[in-house]
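Here is a short briefing to read alongside your structure. Take a moment with the sequence and the model, then follow the points below.

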Amino acid sequence: MAIKQYVVASFRDEDQLLPAVKKVRMQGYKLYDVFTPFPVHGLDAAMGLRQTALHTAGFIYGALGTATALLGMSWIFVVSWPLDIGGKPHFPLPSFIPITFELTVLFSAVGTTLTFCWLNQIMPGVKKHIFHPRQSDDRFVMAIEITPKTQVEEVKQFLLNNGAEEVQVQTAEEGWWYGLFSKREKYDDINPQWSVQ
Amino acid sequence: MLHYESTVREPLVNGNKDYHQVTEDIISPIEKKPGKLWWIALGFAVTMLLFGVWSVFWETYWGIGVWGENRTVGWAWDITNFVWWVGIGHAGTLISAILLLFRQGWRTGVNRAAEAMTIFAVLCAGQFPVWHMGRVWLAFFILPYPNSRGPLWVNFNSPLLWDVFAVSTYLTVSILFWYSGLIPDVATIRDRAKKKFAKFFYGLCSFGWRGTAKEWQRLEALGLLLAGLSTPLVLSVHSVVSMDFATSVIPGWHETIFPPYFVAGAIFSGFAMVQTLLILTRKILHLEEYVTLGHIEAMNKIIMLTGGIVAMAYITELFIAWYSNVVYEQGAFWWRILGPYWWAYIILITCNVVSPQLFWFKKLRRNIPFTFVMSIVVNIGMWFERFVIIVLSLYHDYMPSAWVYYSPRWPEVGFYIGTFGLFFTCYLLFAKYFPVIAVWEIRSVLKTSGENYKQKMAALEQKDTEEFLQEVQHEHALAAH
């Protein structure tokens with residue numbers, strides 16, 4: 001886990017955020033991430049993010065569920081214990097359909113949700129640095145990573161010129177770690193306070 | 001121009017709101033200590049729950065014989081309650097999944113509470129078949145697992161087994177859908193929390209969510225995917241429940257219209273329950289600006305529609321019984337309407353067919369006390385529908401010597417009361433400690449559908465055409481730069 005420094009800017013409106021994100025990328029600053037209180041459409045395009053492949057994962061899990069159900073039931077009824085139920089065939093495909101459908105849905109839903117958690121690296125007990133206490137309320141927050149080449153003052157001024165409400169420099173761990181949100185972070189004392197809490 | 005929606009459509013959020021105000025309105029009741037009313041309600045709910053536990057204990061200790069079932073009527077209150085509770089759950093999924101796919105913006109105000117209702121209702125429903133097994137410690141026999149008895153497997157031809165898969169899948173997927181949408185709002189509570197325990201608890205429950213662009217992108221993809229999966233799932237669940245009856249050869253049960261008939265009935269009763277809960281919730285938590293009259297009217301329209309489908313099914317049943325010329329089928333309906341339980345059929349028709357017709361009047365659709373009363377009437381009607389289908393098809397069977405009357409005994413009634421206790425205990429805890437309205441979804445529709453934003457649209461709509469065109473061109477020119 002790397003300790004890094006960031007220039008963090010808060011915006012009051014998504015209509016100001018989107019052009020700012022585009023301009024930051026055009027300037028070549030290293031955009032770490034953007035935190036918003038709701039999905040801002042167009043943000044992924046502005047940041048140059050690809051569409052997620054979660055749908056494909058969902059399809060694969062679903063197909064796995066279909067295969068598990070069909071093969072499982074067929075093996076049980078045909079091979080493991082062929083039981084005569086009212087003289088019906090041992091391979092009654094129509095009456096396998098409901099369970100096949102349910103397992104398809106179950107596998108797809110559970111698998112996709114777990115993949116979703118894995119990709120986002122979220123789980124109970126996972127802690128990440130929160131840049132702005134109101135990034136989940138009404139502020140739109142952009143964090144730019146400070147590299148050895150970064151001119152911090154220039155970046156700050158650039159952000160303020162592009163609609164940022166407040167800009168500050170924060171030190172934080174980059175990724176996630178096991179921890180509780182009730183515990184203070186190591187760098188909480190160094191990092192400045194936002195004027196809006 | 002990015003956020004434009006015609007003023008012809010009613011606003012989804014009333015009042016003068018910005019993002020922060022929305023958060024305050026919905027999250028701040030969670031941060032306060034629970035009031036007296038809440039404790040009293042919780043006390044009632046837990047008492048009911050404990051009475052249910054006692055009833056179930058009594059039934060398990062002495063055996064199913066303490067219930068009122070007999071040789072002729074083998075299924076009665078218990079299965080009635082099962083079908084009733086599962087049905088109630090269906091409205092939540094309809095709101096969260098089907099209305100999402102149909103891009104119905106008004107779902108955002110009601111989906112969270114409705115989904116929670118789904119989960120708790122299915123939880124209650126699941127109790128009935130499990131405890132009906134009698135020797136409940138063998139309940140795991142319904143799962144196909146390799147065992148030392150052969151292995152002896154379950155019967156995959158049986159709709160009762162399909163039910164096991166359908167209901168358990170439904171519960172799982174509903175929980176995933178509900179909770180994945182809840183995570184960002186829990187993160188909001190966490191970021192606002194002042195007390196240590198709140199930070200700890202909501203920190204754990206928020207999974208470390210921060211709302212990065214990629215997280216949101218994946219969450220929306222997940223939501224859409226789960227909606228796509230839940231839509232056929234919810235239709236399949238009540239279809240499978242109906243097949244518990246329809247694949248039998250009991251007159252009155254053996255009907256091909258059962259799957260759609262049951263699904264429509266489920267949505268009918270489910271929306272009634274959503275109305276009951278939300279009318280109370282919006283009043284107590286002061287959320288009238290988020291669950292508006294427009295929301296209530298929209299749900300009443302769905303109640304009317306599904307009520308109409310159900311009425312059509314009743315008529316079809318009667319017509320087919322006559323038209324089929326099958327004497328047993330005709331007998332089943334004769335005794336359903338004219339037998340000793342005639343009053344149950346009258347209640348069913350009054351509550352489900354006659355009274356929803358009052359919703360043709362717009363004034364009544366938008367009248368809250370009336371809607372509240374109607375929501376309870378519909379739920380009573382739908383309980384009687386299941387009771388009529390189950391008990392009234394059985395009590396006068398093929399042989400007059402086997403005809404009986406059925407009345408419930410206290411452990412069955414207590415069990416039913418107990419599930420109300422379970423339901424309301426869960427709902428009260430949820431409504432106190434989690435946001436009953438999806439805050440982030442409200443934020444994302446606020447600028448298109450909030451009342452104060454819509455008023456700006458009104459000014460735009462009344463503008464002179466030339467002036468309007470010039471402004472649009474100007475904006476486009478700006479955007480191009």
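Predicted model: local features only at pLDDT ≥ 70, side-chain atom pairs only at ≥ 80, totals over all residues.

R103(B) counts as exposed, because its relative accessibility is 75%, where over 50% is the mark for exposed.

**Backbone details**
- R103(B) is not a glycine, yet its phi is positive at about 55°.
- You will find R103(B) in the loop that runs between α3 (77-101) and α4 of chain B.
- Q121(A) also has a positive phi of about 55° without being a glycine, and its place is the loop between α4 (93-120) and β3 (126-128) of chain A.
- Q121(A) counts as partly exposed, because its relative accessibility is 26%, which falls between the 20% and 50% limits.
- In chain B, the peptide bond that leads from G150(B) to P151(B) is cis, with omega near 0°.
- P151(B) sits in the loop that links α4 (107-132) and α5 of chain B.

**Overall form of chain A**
- Chain A holds 5 helices and 6 strands, arranged along the sequence as β-α-β-α-α-α-β-β-α-β-β.
- The radius of gyration of chain A is 25 Å, whereas a compact globule of 197 residues would come near 16 Å.
- The C-alpha trace of chain A spans about 85 × 35 × 30 Å along its principal axes.
- Chain A splits into domain 1 (3-51 + 127-196) and domain 2 (54-120), and the C-alpha centres of these two domains are 44 Å apart.
- Buried residues make up 51% of the 197 in chain A.

**Strand β5 of chain A**
- β5(A) is mostly covered, with 7 of its 8 residues buried.
- Its partner is strand β1 (residues 3-11) of chain A, and the two pair in the antiparallel sense over 8 bridges.
- Within β5(A), E173(A) is the residue opposite I3(A).

**The second largest pocket**
- The second largest pocket has a volume of about 1,200 Å³.
- Of its 41 lining residues, R190(B), D191(B), R192(B), A193(B) and K199(B) are the closest to the centre.
- The elements that give two or more residues to this lining are β5 (166-173) of chain A and, from chain B, α1 (19-31), α5 (159-192), α6 (196-205) and α14 (410-433).
- α6(B) gives the most to the lining, with 5 residues.
- By class, the lining has 17 charged, 15 nonpolar and 9 polar residues.

Conventions
Residues numbered from 1 in each chain as written. Chains lettered and ligands numbered in written order. Heavy atoms only, no water. 1 Å grid on protein atoms, 1.4 Å probe; cavity = no way out; pocket = protein on both sides within 12 Å on 5 of 7 lines; lining within 4 Å. Points joined across faces, edges and corners; volume = space filled by probe spheres on them. Helix = DSSP H or I, 4+ residues; strand = E, 2+ residues; numbered from the N terminus. Nonpolar A, V, L, I, M, F, W, Y, C, P; charged D, E, K, R; others polar. Domains from an automatic or database assignment. Buried < 20%, exposed > 50% of the residue type's maximum accessible area, 1.4 Å probe, protein only. Pairing = 2+ DSSP bridges. Rg over C-alpha atoms; globule rule 2.2 N^0.38 Å.
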